[in-house]
Amino acid sequence: MMSAASWPFVDWSGVLLLHFLGKTLRRMSAEVIYQVEEALDEDEKETILFLCRDIAADVVPLNVRDLLDILSERGKLSAMGLAELLYRVRRFDLLKRILKMDKRAVETHLLRHPQLVSDYRVLMTEIGEDLDKSDVSSLIFLMRDHMGRSKVAKDKSFLDLVIELEKLNLIAPDRLDLLEKCLKNIHRIDLKTKVQKYKQSAQGGETSYISALQASLPNLSLKDPSYNLRLQNGRSNEQRLNVGQPDTQRESVKTSIQESGTSLPQHIQERYRMQSKPLGICLIIDCIGNDTEFLRDTFTSLGYEVQYFLYLRVDSIIQILRQVACMPQHQDYDSFVCVLVSRGGSHSVFGVDQTQPGFPLDQIRRMFMGDACPSLLGKPKLFFIQNYVVSEGQLDSSSFLEVDGPAVNNVESKARQPVPCTIHREADFLWSLCTADVSLLERSSSSPSLYLKCLSQKLWQERRRPLLELHIELNSSVYDWNSKVSAKERYYVWLQHTLRKKLILSCK
């Protein structure tokens, strides 16, 4: 018999290295676990505890740190397992900073290896992300007939509700009829259909608990784009869903994660991806000083990292805009917002300077175009500008923005044409410019802009609706105001955009 030492073609150093790496992958260091747990917010911790309920079913961990430590001790938490959990809560920043991985690496691994988390748990967390507080409150109320009146407090989350329902055996991977019925009753037909897709996908496998990867990563294998076009955009109605219903056996469940590393046909991508944490940078430059506080609160609540500056000269405005346009963080975020409030002329902003001509408005937009700011290419770039015009005379819409691309009324016709593979440098902009006479500031120096106040209220109260719809209603509010006041007190709003998809700033 040949001795081990004489076996041909065996690189023993490589074998030992693989053994060492395998041991390392089976255990996570306390330092890594601590760093991850410290960086997560409470909602993300709740989600991870929920996702792992089946993996450590015999213990009740007090917190995420205990959970990860227990899984690590049992050899159930490799580096890729932890990466999957961070992927599920969309903490791609932690993937990169702590685990030195990116989203595509995790997706590739999940395609080739078994998942740590069941598709059922992923489905429940996704449904929870798409429900607002009123939806959850309605579901808790509807469940009273089945679980009593004191089981779940009104302020609990959807995942808390699911846990209570699981304890009563009212919901399980193969028991989703009650949830499906309640989602229909609160008119969330989109989520009801999502549950149906999961059930039918699960029936195609050996068990209802383990199904194909496309249930959680459908963007890597979409077989029927018409399904995405009908269902991805929130509330719908059942009559619409019944028209041209595709073969549900071949479709995946999850429609929310849309990663930049995939190559979906352009016509499938009907809605902009808005899932990064934060959603992006929100730059506020307020040279008047009346609007910063409520704007900061609004965009912070939407999930943006707000950076604000007050009372800037023109040269400082230019410097800050250039610095922000070059920020490397944009590559990890899904959007960008700029709010600018200033005195100005019909073509420019003055800041706190008294000299003219100021800084041209169209130059601001050019700084963030695809060629100048490639990290924002393909991502929505939103500009909300309140300009108090110093020059007198009738305001002319053609004087406010010099557009190199198609006019607003040409955007729809362009969208219907075949979309090239390369995204145009001027695509994905929303440019909302409001002008008012500078005498408004002289009459009431501390009053906020009516335009920005209405915008803030809309985003607070109706954030789950498409932004363009909210802007139309904003225009209506401004019009109502103008019909009641003198010409010197009126606001004039112009909207131009090259958005290619539906844009909803928040799903919560």
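Buried, as used in these legends, means under 20% relative accessible area. Every view is drawn from a predicted model.

**Close-up 1. Helix α3 and the elements that its buried residues pack against.** In helix α3, which spans residues 42-51, the buried residues are E44, K45, T47, I48, F50 and L51. The buried residues of this helix pack against α2 (30-39), α4 (64-73), α5, α8 (119-130) and α11 (158-167). At the start of α3, a side-chain oxygen of D41 comes to within 3.2 Å of the backbone nitrogen of D43. K45 also takes part in a network of salt bridges, in which it is linked with E37, E38, E42 and R65.

Close-up 2. Side chains of opposite charge can pair when their charged atoms come close. By the rule applied here, the count for the structure comes to 35 salt bridges.

**Close-up 3. Salt bridges of R91 with D93 and of K96 with D332.** The side chains of R91 and D93 meet at 2.8 Å, N to O; R91 is buried, with a relative accessible area of 10%, whereas D93, at 31% relative accessibility, counts as partly exposed. The side chains of K96 and D332 meet in a salt bridge at 2.9 Å, N to O. This pair links distant parts of the chain, 236 residues apart, with K96 in helix α6 (residues 92-97) and D332 in the loop between α17 (314-325) and β3 (335-344). K96 is partly exposed, with a relative accessible area of 40%, and D332 is likewise partly exposed, at 34%.

Close-up 4. The side chain of T298 reaches the backbone oxygen of F294 at 2.9 Å. Leaving aside neighbours within four places in sequence, T298 is in contact with S456, L459 and W460.

**Close-up 5. The largest nonpolar core, with Y304 among the residues that have the most contacts inside it.** This core has 37 residues, and those with the most contacts inside it are F299, Y304, F384 and L505. Among the elements that give two or more residues to the core are β1 (280-286), α16, β3, β6 (381-389), β7 (429-437) and α22 (467-482), while the largest share, six residues, comes from α21. Leaving aside neighbours within four places in sequence, Y304 is in contact with residues including M274, P278, I281, F299, V337 and L505. Apart from this core lies another, of 33 residues, among them V32, I33, L51 and V64. In soluble globular proteins, nonpolar side chains tend to be buried together.

**Close-up 6. Cysteines C287 and C338 in a structure that holds zero disulfides.** C287 counts as buried, at 3% relative accessibility. C338 is in no disulfide, and the nearest cysteine sulfur, that of C282, is 8.0 Å away. C338 counts as buried too, at 2% relative accessibility.

Methods: Residues are numbered from 1 along each chain as its sequence is written. This is a predicted model: local features need pLDDT of at least 70, side-chain atom pairs count only at pLDDT 80 or more; totals for chains, interfaces and linings use all residues. Side-chain values use heavy atoms; hydrogens and water are left out. A salt bridge is a side-chain nitrogen of Lys or Arg within 4 Å of a carboxyl oxygen of Asp or Glu. Buried means under 20% relative accessible area, exposed over 50%, partly exposed in between (1.4 Å probe, protein chains only). Helices (H or I, at least four residues) and strands (E, at least two) are DSSP runs, numbered from the N terminus. A polar contact is a pair of N or O atoms within 3.5 Å; within protein, one must be able to donate a hydrogen and the other to accept it, and residues adjacent in sequence count only if both atoms are side-chain atoms. Contact means heavy atoms within 4.5 Å. A disulfide is a pair of cysteine sulfur atoms within 2.5 Å. A nonpolar core is a set of buried Ala, Val, Leu, Ile, Met, Phe, Trp, Tyr and Cys residues joined through side-chain atoms within 4.5 Å.
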